[in-house]
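Take a look at the chain below. This report goes from the whole fold down to single residues.

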Amino acid sequence: MSCLVYIPQDIEAEGKNYLLERGYELRIGSDLSQKTLMNEIRDCEALLTRSMAAISKEVIAAGRRLKVIAKYGVGLDNINVRAATERGIYVTNTPEANANTVAEHVMAFILALSKQLMAADKELRKGNYEVRHQLLSMDLEGKTLGVIGLGRIGRLLAQKAGKGFGMRVIGYDPYLTANPDRDIEFAADIERVFRHSDVISLHLPLTEATKGAIGSREFAWMKSSAYFVNASRGEIVKEKDLVEALKTGAIAGAGIDVFEEEPPSENNPLFQLENVIVSPHSAALTTEASARMAIHAAMQVDQVLRGRRPEWAVNEPQNREKMNGTGKLMKRL
């Protein structure tokens with residue numbers, strides 16, 4: 001009998017076809033409520049999830065046959081990894097699918113902000129050709145990019161900014177004690193990065209330690225001419241503090257892809273500010289990266305259900321056997 005893979009929020013055809021061609025059955029979710037997730041996961045061996053579904057301890061417990069939770073994407077804040085680990089369930093993500101895509105999106109933010117593209121476009125459409133003398137933009141060459149979080153995305157961004165645009169790059173990562181890249185000046189403390197950068201780009205995971213970690217203190221450290229970019233997780237930044245810094249001119253502008261509350265309210269104060277560029281948590285969602293995320297997540301499902309350790313596991317399950325519905329131990333497939 002083929003295994004059943006639960007996909008609460010639909011994915012690209014490439015990922016579904018990968019699984020179908022290998023004999024798996026698919027169940028596409030009907031909605032993302034906890035009640036529905038708990039009901040629809042009950043007889044499934046695998047879960048392939050995007051960011052909007054909350055894979056709670058209760059949902060995981062309801063999946064009595066579950067062996068793997070494969071994340072479409074990198075961030076794991078919507079998955080209770082501890083609960084999965086305790087129940088012997090692998091959790092995986094897709095770290096090689098979208099890192100370069102997000103780095104490109106961040107670079108687009110930096111270019112648009114530094115070149116005053118949004119403001120110039122708006123004024124010229126109103127007939128204000130003289131704006132060319134009023135909105136002077138900023139060269140990136142010789143300026144300093146501060147990267148907070150030196151994982152794959154942060155390092156790729158540093159490479160593009162340094163080698164492509166001649167920027168000096170300094171970086172900080174609370175999880176590292178040594179420099180991961182010789183082209184980055186490694187800072188021992190985050191304050192140095194905020195104080196000396198012309199652009200700050202945030203690339204931290206959302207954890208209990210990083211939630212609300214960036215606020216008025218950090219924005220006060222920044223130059224008034226500096227820009228702030230966040231394409232990691234919205235809850236890392238105290239949004240009210242960011243709005244205040246932008247309103248008062250404490251910083252020059254911001255590029256924001258993620259928000260404290262998602263989806264954000266249409267009345268979000270950031271939307272009222274002309275020195276802000278926003279996108280709908282879409283930095284990773286190019287055509288190519290979306291297909292890669294779907295396929296890479298499907299690959300992790302297949303690897304586990306064939307009895308292999310998944311290539312991109314983020315946990316090590318506490319036991320390699322799984323309880324089935326009758327309370328008897330059942331070997332992993």
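## Overall shape

What radius of gyration would a compact globule of 333 residues have, and what does the chain have? A compact globule with 333 residues would come near 20 Å, and the chain has 22 Å, so the two agree. Keep in mind that this is a predicted model.

The C-alpha trace spans about 75 × 45 × 35 Å along its principal axes. The secondary structure comes to 12 helices and 14 strands.

## Inside and outside

How much of the chain is buried? Buried residues make up 49% of the 333 residues. The accessible surface of the chain is about 16000 Å². Carbon and sulfur atoms account for 49% of that surface.

## Charges

The chain has 43 positive and 43 negative charges. Their mean positions lie 6 Å apart.

Side chains of opposite charge can pair when their charged atoms come close. In this model the count comes to 17 salt bridges. A few of them are described next.

## A bridge between two loops

Glu 45 and Arg 65 form a salt bridge through their side chains, at 2.7 Å from N to O. Which parts of the chain does this pair tie together? Glu 45 is in the loop between α2 (34-40) and β3 (46-49). Arg 65 is in the loop between α3 (57-62) and β4 (68-71). The pair therefore ties together parts that are 20 residues apart in sequence.

Are these two partners buried or exposed? Glu 45 is buried, with a relative accessible area of 4%. This value counts as buried because the cut-off is under 20%. Arg 65 is partly exposed, at 27%.

## A bridge within a helix

Asp 121 also takes part in a salt bridge, with Arg 125 as its partner. The closest N and O atoms are 2.7 Å apart. Both residues belong to helix α6, which covers residues 117-125. They are 4 residues apart, so about one helical turn separates them.

Asp 121 is partly exposed, with a relative accessible area of 37%. Arg 125 is exposed, at 67%.

## Another pair and a network

Lys 126 and Glu 123 meet in a salt bridge as well, at 3.0 Å from N to O. Lys 126 counts as exposed, with 57% relative accessibility. Glu 123 counts as partly exposed, with 21%.

Salt bridges can also share partners. Which residues do they join into one network? The network consists of Arg 168, Glu 185 and Arg 192.

## Two glycines in loops

Where does Gly 23 lie? Its place is in the loop between α1 (13-20) and β2 (25-28). Gly 23 is partly exposed, with a relative accessible area of 39%. Gly 23 and Leu 4 are 19 residues apart in sequence, and their C-alpha atoms are 9.6 Å apart in space.

Gly 63 lies in the loop between α3 and β4. Arg 65 is placed in the loop between α3 (57-62) and β4 (68-71) too. Is Gly 63 buried or exposed? Gly 63 is buried, with a relative accessible area of 0%. From Gly 63 to Met 38, the C-alpha to C-alpha distance is 7.3 Å. In sequence, Gly 63 and Met 38 are 25 residues apart.

Definitions and conventions. Residues numbered from 1 in each chain as written. Predicted model: local features only at pLDDT ≥ 70, side-chain atom pairs only at ≥ 80, totals over all residues. Heavy atoms only, no water. Salt bridge = Lys/Arg side-chain N within 4 Å of Asp/Glu carboxyl O. Buried < 20%, exposed > 50% of the residue type's maximum accessible area, 1.4 Å probe, protein only. Rg over C-alpha atoms; globule rule 2.2 N^0.38 Å. Areas by Shrake-Rupley, 256 points an atom, 1.4 Å probe, with all protein chains shown as cover. Lys, Arg positive; Asp, Glu negative; His and termini not counted. Charge placed at Lys NZ, Arg CZ, Asp CG, Glu CD.
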